[in-house]
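Hi,

Here is the structure I promised to pass on. Please open it first, then read my notes below.

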Amino acid sequence: MNTIPSSSSGARLEFSNIRKSFSDTVSVEADRLIIEPGSLTVLLGRSGCGKTTLLNLAAGLDFPDQGNVSYDNQVLQGPAPSTALIFQTHNLFPWMTAEENVAFPLRNQGMVRVEALEHAKQYLKQVGLESFAGHKPSQLSGGMRQRITLARTIATKPRLLLLDEPFSALDMQTRRMMQRYLLRVWSDSAATILMITHDLHEALMLADRIALMASSPNGHIAEILDIELDRPRNPENQSFRVIQQQLDRFLEHETLLAEHAPILEATDQTNHL
Amino acid sequence: MKPHVSEKSGHQLTLTGRVSQLLFKSNFLWFCLAWLLIILSWELGSWLEWLNPQILPPPSETIPYAFSGNITIGFGQQKTGLFESTTITLGRVGAGMLIGLLVSSCLAIMVIELPILRRLILPLVQSLAPIAPVAWIPFTIVVIGIGGPAAVFIVFMAVLGTMTLSLIAALDSIPDEYLKIAHNLGTSRIRMWWYIRLPAIIPSTMTAIRMSFFGAWMAVLAGEMAGLNSGLGYMIIMAQQMYNMKLVMVGILAIGFIGFAIDRLLLLINARLLQWVQ
């Protein structure tokens, strides 16, 4: 049984008839995608299928040419409130120490410096890095940096967490550890999570919903799968393997389409003639 | 016995290592060595009468003169000394660079905050930047005169274009992720400038300041030589006119050493400020 945490504090996100283009090229289209409060949805697909564009639209950092994005039934017209972003790199400000990074959003909220740093130490403790409070990001490993990013995320108490391939620069073991940390943050905060990944295994380990994205003819959501697997998930589980194979076939098909796209286009033109 | 021998040789190796480290890694030692070679060649040239000591006095005369503590030239109101001239020139460079940095920072902030101004300001700055600082000297002398403000203006014009372009380029190249995250963390506009943009551009700004300093240093000396009525450049020209070649040489060496020392100081500040750079 799925152990989805209480959805009371997570935000609801809805994409309706979205179309976003860059320089006359359609980047992404989405007829309807609803991210339920407290859910963990993964956008899975090849590069260039518009995943990051959708994430930027969800964050309110960019706006669709057509359609709209709603946050708790309100159309987004600026940066989404109570939202945290985590990228693959450049998450921490390198000129600040670990505790200053975590304290930064608290200071933005008007908390006095001493108090904010005290709180930051507590958040760092939650990710096991309180002894590295005075270190600069350049003195820490990739995994430690992402843990500090998570600590800062916890500090902001977000209702929506948007992650753009946050663990793809990490080695396999650190990635597994970070996935567990993320699940813990999700379970404690009940925030809604929308995450981009290329990693099929990661998607299956984390998501309770996977939106499969295709890139041809334009970036679009090809299919939405509800992942009803028990947590903690076991990759050796038969159901896990079945879904993994299904997703693998989809991605393989997408790769083949991309490889043969020029041939297919040429064939299309011949057929039209 | 064996451990004792190895202990001794280890100690010797450490000493040798230290000496070689000093020799090969200490920039200061190499700096001293290079100058020692020049001074020795210069002295040898004078001794062998390859160099005319009336035009190029040997180091054995120039160096004691430099440290005699009573280096002055001119008469009455025109009288000036090495220390006084150096202080005036450094003050002009400092003031001109500070004003240049402030104005270029304001222009860069305006360009980032009001994108429409980018179209107005950038072409102007791009036209100003290629103008050699010395080209401003005749204009400045006619319009402002031959005093300190004219020298400060020349320095200001020498740094304005390049500093503004460097600052705008540095601000444009801040990784988008930093700004998106800071925005998302609820950072106000003022905090965004103070805590995100400013620290993010410090590495490239420090390089730009170092480069601008050389331009400003050369521009102010050229200005003082070309007609401004005080400063190190003026002192050298006066020494040349009064045929005090020892003072000409001391002035030239002072320009080099002060420029070098300030560049090292800026490098040191750079290293202190940028400990976070990977």
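In chain B, the side chains of B:Glu113 and B:Arg189 form a salt bridge, 3.1 Å from N to O. This is a predicted model, so please read every distance here as computed from it. The pair ties together distant parts of the chain: B:Glu113 belongs to helix H4 (residues 82-113) of chain B, B:Arg189 to helix H9 (residues 189-226) of chain B, and 76 residues separate them. B:Glu113 is partly exposed, at 25% relative accessibility. B:Arg189 is exposed, at 63%.

Chain B also has a local pair. B:Asp176 and B:Lys180 meet in a salt bridge at 4.0 Å, N to O. Both sit in helix H8 (residues 176-184) of chain B. They are 4 residues apart, about one turn of the helix. B:Asp176, at 46%, counts as partly exposed.

Salt bridges with shared partners also build a network: A:Arg12, A:Glu14 and A:Arg32 are joined into one.

Another pair to look at is in chain A. The side chains of A:Arg209 and A:Asp226 form a salt bridge, 3.5 Å from N to O. This pair, too, links distant parts of its chain. A:Arg209 is in strand E9 (residues 209-214) of chain A and A:Asp226 is in strand E10 (residues 219-226) of chain A, 17 residues apart. A:Arg209 is buried, with a relative accessible area of 18%. A:Asp226 is exposed, with 51%. Over all chains, the search of the whole structure gives 16 salt bridges.

Now the interface. How many salt bridges does the rule find across the interface of chain A and chain B? The count is 0. Polar contacts do turn up there: 5 residue pairs across the interface of chain A and chain B, both residues at pLDDT 80 or more. H2(A) supplies the largest share, 4 residues. By class, that side of chain A has 12 nonpolar, 8 polar and 4 charged residues.

The contact takes 24 residues from chain A and 19 residues from chain B. Together the two chains bury about 2100 Å², 64% of it on carbon and sulfur atoms. On the chain A side, A:His90, A:Trp95 and A:Asn108 lose the most area to chain B. Those three account together for 30% of what that side buries.

Last, chain B as a whole. It has 11 helices and 2 strands. Along the sequence, the pattern of chain B reads α-α-α-β-β-α-α-α-α-α-α-α-α. Chain B is more spread out than a compact globule, because its radius of gyration is 25 Å, well over the 19 Å that the globule rule gives for 278 residues. Its C-alpha atoms fill a box of roughly 80 × 70 × 30 Å along the principal axes. Of the 278 residues of chain B, 40% count as buried. Among its contacts between residues at least 6 apart in sequence, 72% join residues at least 24 apart.

Best wishes

Note on methods: Residues numbered from 1 in each chain as written. Chains lettered and ligands numbered in written order. Heavy atoms only, no water. Buried < 20%, exposed > 50% of the residue type's maximum accessible area, 1.4 Å probe, protein only. Contact = heavy atoms within 4.5 Å. Buried area = accessible area lost by both parts, 1.4 Å probe. Polar contact = N/O pair within 3.5 Å; in protein donor to acceptor, adjacent residues only side chain to side chain. Nonpolar A, V, L, I, M, F, W, Y, C, P; charged D, E, K, R; others polar. Rg over C-alpha atoms; globule rule 2.2 N^0.38 Å.
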